[in-house]
Amino acid sequence: MNYWLFKTEPDTFGIDDLYSRPNQTEPWDGVRNYQARNFLRDEVVVGDEVFIYHSSCKVVGIAGIATVVKAGYPDETQFDPESNYFDPKANRSNPRWFRVDVKFKQRFTKVLPLKTIKALPQITQLGLVKKGHRLSIMPVPENEWQCLCNLAESN
DNA sequence: GCCAACGTTGGC
DNA sequence: GCCAACGTTGGC
């Protein structure tokens, strides 16, 4: 069982959108970064828990939790010329991009702000607070996951 | 909208 | 394989 943080822009798709999906489930597609792809393809498994992080918006931070309900499989949008995520160099016999399915678990009463996270002395490993913070899929160490969950609960 | 911090591309 | 130019991300 692993813990992750997935970034999303809530103006496009946020925690509330996940909540209102059929089955509260959504394929997490459109990831076009190789390091993030490798996580989705090789390491994210069913039962893993995911912080849904809102970026490029008014209140930047962790908005809630989702559960992985399907492990890595080819991201269909790479083959669709109509899609924003179409990749002309991708082919079905050797898919380049992968996605997982996530299901809504919990929406925090208040978004846990990036500012707060950065100020916590306990949070040292999480990619958000380090260089290379632009990664859209990143692992969360278990102790830091617990720390952030507790804080969000008491928010 | 600015701009720093990346990641990717492509000529050589 | 190097690296300059370019594109993107994302907080502010």
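Predicted model: local features only at pLDDT ≥ 70, side-chain atom pairs only at ≥ 80, totals over all residues.
User: What does UniProt place at residues 2-151?
Analyst: The UniProt record, an unreviewed entry, puts the feature "domain: EVE" there. UniProt positions are given in the numbering used here, feature names are shortened, and annotations may be inferred rather than shown by experiment. In residues 2-151 the end C-alpha atoms lie 20 Å apart, and the span is 21% helix and 33% strand.
User: OK, how many helices and strands does chain A have?
Analyst: Chain A has four helices and six strands. Helices (H or I, at least four residues) and strands (E, at least two) are DSSP runs, numbered from the N terminus. Along the sequence, the pattern reads β-α-β-α-β-β-β-α-β-α.
User: And how compact is chain A?
Analyst: Its radius of gyration is 15 Å, close to the 15 Å that the globule rule gives for 155 residues, so chain A is as compact as a globular protein of that length. The radius is taken over C-alpha atoms, and the rule is 2.2 Å times the number of residues to the power 0.38.
User: In what order do the strands sit in the sheet?
Analyst: The six strands form an open sheet in the order S2-S5-S4-S3-S1-S6, with mixed pairing. Two strands pair if DSSP finds at least two bridges between them. S2 (25-28) and S6 (137-139) are the edge strands, each pairing on one side only.
User: Which helices pack on that sheet?
Analyst: Helix H2 (residues 34-42) is one of them, touching S4, S5 and S6, and its direction makes about 110° with that of S5. Helix H4 (residues 142-153) packs on the sheet too, touching S1, S4 and S5, at about 45° to the direction of S5. Residues are in contact if their C-beta atoms, placed from the backbone, lie within 7 Å. For the angles, axes are lines fitted to C-alpha atoms, for helices over the stretch in contact, and angles run from 0 to 180 degrees between N-to-C directions.
User: Do S3 and S4 run parallel or antiparallel?
Analyst: Antiparallel: six bridges join S3 (residues 49-54) to S4 (residues 61-74). Glu-49 stands opposite Thr-67 in S4. Their hairpin has six residues between the strands, and there Ser-56 takes a positive phi near 50°.
User: Switching topic, which residues are around DNA strand C?
Analyst: Lys-7, Ser-55, Ser-56, Val-60, Leu-114, Lys-115, Arg-134 and Ser-136. A residue is near a strand if its C-beta atom, placed from the backbone, lies within 6 Å of it. The surface there divides into two nonpolar, three polar and three charged residues. Ala, Val, Leu, Ile, Met, Phe, Trp, Tyr, Cys and Pro count as nonpolar, Asp, Glu, Lys and Arg as charged, and the others, Gly among them, as polar.
User: And which ones surround DNA strand B?
Analyst: Asn-33, Tyr-34, Lys-131, Gly-132 and Arg-134.

How values were computed:
Residues numbered from 1 in each chain as written. Chains lettered and ligands numbered in written order. Contact = placed C-beta atoms within 7 Å.
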